[in-house]
Amino acid sequence: MLTIPSGGHSGHRPRGRHRECETLDRLVADVWTGAGQMLVVRGEQGVGKSTLLAYLAERASGCLVLRAAGLESERELEFAGLHQLCAPILGGLAELPDPQRDALVTVFGLCAGEVPDRLVVGMAVIGLLSAAAAERPLVCVLDDAQWLDAASAQVLGFVGRRLVGESVVLAIAVGECSEGPGDDRPHLAGIPELVVGGLAARDVHHLLDSTAVGPLDERVRERIVDEARGNPLALQQAIDGQEPDHLAGGYGLPRITLPDRMVDSFRRQYLLLPAATRQLLLLAAADPTGDAVLLWRTAGELGITAAAVSLTVTTRLVAFDGYVRFCHPLARSVVYEAASSQERQAAHRALAAATDPGTDADRRAWHRAYAVSDLDEEAAADLERTADHAMERGGLPAVAAFRARAAELTADRAGRARRALAAAEAKYQAGALRAARRLLAVARAGPLDDLARTQMLFLDAQLTAHSEPGPDTSAELLEAAQLLESVEPDQAREAYCEAFDNALTFGGTGGGVLEIAEAVQAAPQPTDGPGLLLEGLAVLTSKGLVEGAPVVKRALRVVQDQEAGADEGIRWLLLACRAAQEVWDDRSWHALTTRLIQLARSVGALTVLRPALLSGSMIQLLAAGCDAAMSMTLQAEAVGIATGCPLGPYGRLPLAAWRGHDLETSRLIAETTIGVPAGGDGHWRTAPYWAEAVLNNGLGRYDDALSAATRGCERQEELGLATWSLVELVEAAARTGEMQQATDALKRLQARTEACSTDWALGIEARSRALVSEGQAAETLYLKAIDSLGRTLVRADLGRAHLLYGEWLRRQSRRIDARVHLRAAQELFVELGIDGFAGRARRELEATGLTVRKRASVADDLLTAQEAQIAGMARAGRTNAEISVELFISPRTVEWHMHKVFTKLGITSRKQLGEALAPAVVRAAHLAPARPGAGPGGDPGATDASRR
């Protein structure tokens, strides 16, 4: 498992840390007024102190930020921490008085001399920080201050008490449980502190949901959350490095992923306990649910008395308060690993005997399976019988774990091969590809019947397609599909589906798209949704959109109306999402992708979840913007790492292109060339050309866009991104005066869009035709494009229609009309985070003679959330007094915030807010929850306009 990192723009508040972030926000606000101070951020290891320091550094926009961290290895080196902090600003030494300059030069080892008085060193550091803050405020953040050397800690404490009147903030994080300043040394006594406690339970649950990529049994979830005690690092350590089936349903055996120091501490405490107490803790560690009733029932059967409990509590390893809770989620792993294999088997045997076979048959079978030390057919059969029950708790990863253990316990060679193949299939679906390979090797040793050998061939091709994708894999999948056709038609259709997906992505010969389409059409297909979908895609790829699009669109309607189970839905919805994209059906694409992601998550189908999230990211990019798309991309990347199949550059490439990030897009395009299979085509090879074309059209570099788009649609039979490249080609060619090339590309595009006849397709077609038209015909087409795209979800394309129409109007000298559409385009692009096209719209607006200020938005992080809320309310006409009543703050605090808004936006009057604020800020005034807040009093520099 992998912790999905928190994406987004700088300054976003860490979840559950509103109080702490408001304190840090006030620090930044005060430093701009010259009210410097020091703050000690204190809390236990892993509680989030470093995250808060990072937030402070991000919030300090416009300030000079210095970062440093205490190092245990440098704790005995005098002034090492101080040198690390001050090194970037030592150029200011020349401005210090001679005694102070000489003191710092000496303690930093820049020249020889007598050891100076620390009072002089402290005054020198204050002077150095003050000089660095002369032009702009200085914010110093120092992490892990518990490891500072004593000399640095003493000097920083001295400095921190004397920052009043300086534009300097010094924030340091100190671990509560570690030795260091604030514990055995008084250097930080009296300095303001921000004590960081654990997160609230609801925030820990949210963090767990965003971290664990597979399903969790509710009892196991509650146990992990409870043991984490609100500590984000403890929660992360509980799931980092764990395979999906080691968490799902709690069926995995405990694993150690803790630092050695913590492991040694827990193990030492455990091994010093009496035998009966260790036995009690081992029972608690072997049961993943934390069920106190089961534990005491088992302990009673073993004769463990209450005397063992008091010793256990005094060790602080585990607590019994109606629920069995270890001091750390992985303390149970240390206890389990510290026991001998015989002790662990005895614990599982006792737990199996005490588990109710009626309500918890699967858990009983699981404990029984780990209570045996040799092959055991009865235990294996019990696991096989209860696997479906395990599915309800932990999804496919749990089923995979049951089947894999059943295969391990099977003595009969044929039975072992059969169970290993079933386990390998479940492991593959759950995303445990390496484990699936190992089990497949066991199954291959046989003996297997003809059907099982064919299924093994199919699974082998599936594993290759996901771990080592390329054009050759399509032929293997096609071969498996044809072999399965006569014996397992449903599985044959699944094989055809995967063959299609692989061929569309990687192309290649021998099993390419056309060969697969011919094989599908030669085999009888049922008339249900999946069968109709497969047939439609075969017709579409072999005979074109004119014949294939109607069949695909009809199939999409059937698939959406069907209430398919999770297994069938996962098998077919991914192909349906792809088909919806091919026929420009944005609503089906969005609905089916959403449904697929939910299904895949609910059952832990990680192999499908990664491409589902990638598909969802693309439609989210077009419909909801870059932030929503990035969230899904980050999740897809996390799933890719968890399954051993990293996503590579393809998830972020479209985002970088639409955002207009030139350097990032170029880097990602360069990465796509690494590992591209020789002779491959399809989306794999087309993606970088399409992305480069989008980037350059957004930035107004039409010659470069023309070159990239031409390469992107070279293969006329290719669909998907090749068709999207035609859209970019028409625009780039028209803008560079290559009208014949634009017209030729438009003909190819029209043949595809007219066959689909969706609002999205017809809107794109009208927009593209307008580019090669003149006069009233062009205007009619632009208006038709805006009307059609306005009925779709793809707001990015709607924005481009407004942009092109606005540009056309300006060239017709209709500047007033042009401003309406250019402004609409810019507002859409800013809201969606599509900065490249937003800049193009802004330049066009300026060309109409309109002065356009840089737009502020919550996403841009120009204003804080509260500033954006207050500014939006002021724009809506509310007075300071009215705003103060609604937000439960004083009118003077509102006045102070308004002054900051005016400064950041470069305006002097409320009348200018309408032009300076983006729609996102205006919505914040109505959507953001009103919450109490406190800020400094009135600012003497506030303008009259900000006080109204």
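**Salt bridges, packing and a buried strand**

Visitor: How many salt bridges are there, and what makes a pair count?

Guide: The count comes to 40 salt bridges. The rule asks for a side-chain nitrogen of Lys or Arg within 4 Å of a carboxyl oxygen of Asp or Glu. This is a predicted model, where local features need pLDDT of at least 70, side-chain atom pairs count only at pLDDT 80 or more, and totals for chains, interfaces and linings use all residues. Residues are numbered from 1 along each chain as its sequence is written, and side-chain values use heavy atoms, with hydrogens and water left out.

Visitor: Why is the pair Arg-368 and Glu-378 called a salt bridge?

Guide: The closest N and O atoms of Arg-368 and Glu-378 are 2.5 Å apart. That is within the cut-off, so the pair qualifies. Arg-368 sits in helix α17 (residues 361-369) and Glu-378 in helix α18 (residues 377-408), so the bridge ties together parts 10 residues apart in sequence. Helices here are DSSP runs of H or I with at least four residues, strands are runs of E with at least two, and both are numbered from the N terminus.

Visitor: What makes Arg-453 and Asp-450 a salt bridge, and where do they lie?

Guide: Their side chains meet at 2.2 Å, N to O. Both residues lie in helix α21 (residues 450-467). They are 3 residues apart, about one turn of the helix. Arg-453 is partly exposed at 41%, whereas Asp-450 is exposed at 55%.

Visitor: What does the bridge of Arg-701 and Asp-662 link?

Guide: In this salt bridge the closest N and O atoms are 2.7 Å apart. The pair links distant parts of the chain, 39 residues apart. Arg-701 is in the loop between α33 (683-699) and α34 (702-712), and Asp-662 is in helix α32 (residues 662-672). Arg-701, at 28%, is partly exposed. Asp-662, at 29%, is also partly exposed.

Visitor: Which residues do salt bridges with shared partners join into one network?

Guide: Glu-728, Glu-731, Arg-735, Arg-800, Glu-807 and Arg-840.

Visitor: Why is Thr-848 called buried?

Guide: Its relative accessibility is 0%, so it falls under the buried cut-off. Thr-848 is in the loop between α41 (835-847) and α42 (865-875). Neighbours within four places in sequence aside, Thr-848 has contacts (heavy atoms within 4.5 Å) with Arg-810, Arg-815, Ala-818, Arg-819 and Leu-822.

Visitor: Which residues of α4 and α5 meet?

Guide: Pro-99, Gln-100, Ala-103, Leu-104 and Val-107 in α4 meet Val-120, Val-121, Met-123, Ala-124, Val-125 and Leu-128 in α5. They divide into 10 nonpolar, 1 polar and no charged. Ala, Val, Leu, Ile, Met, Phe, Trp, Tyr, Cys and Pro count as nonpolar, Asp, Glu, Lys and Arg as charged, and the others, Gly among them, as polar.

Visitor: How do you know that strand β3 is largely enclosed?

Guide: In β3 (residues 138-143), 6 of the 6 residues are buried, so the rest of the structure largely encloses this strand. Leu-138, Cys-140 and Leu-142 cover one side; Val-139, Val-141 and Asp-143 are on the other.

Visitor: What makes β3 a partner of β2 and β4?

Guide: Pairing needs at least two DSSP bridges between two strands. Strand β2 (residues 64-69) is joined to β3 by 6 bridges, in parallel. Val-65 stands opposite Val-139 in β3. β3 and strand β4 (residues 168-175) pair in the parallel sense over 5 bridges. Cys-140 stands opposite Leu-170 in β4, and Leu-142 opposite Ile-172.

Visitor: Why do β2 and β5 count as edges of the sheet?

Guide: The open sheet of 5 strands has the order β2-β3-β4-β1-β5, with parallel pairing. β2 and β5 (193-195) each have a single partner strand, so one side of each lacks a neighbour in the sheet. The twist averages 15° from one strand to the next.

Terms used:
Buried means under 20% relative accessible area, exposed over 50%, partly exposed in between (1.4 Å probe, protein chains only). Axes are lines fitted to C-alpha atoms, for helices over the stretch in contact, and angles run from 0 to 180 degrees between N-to-C directions.
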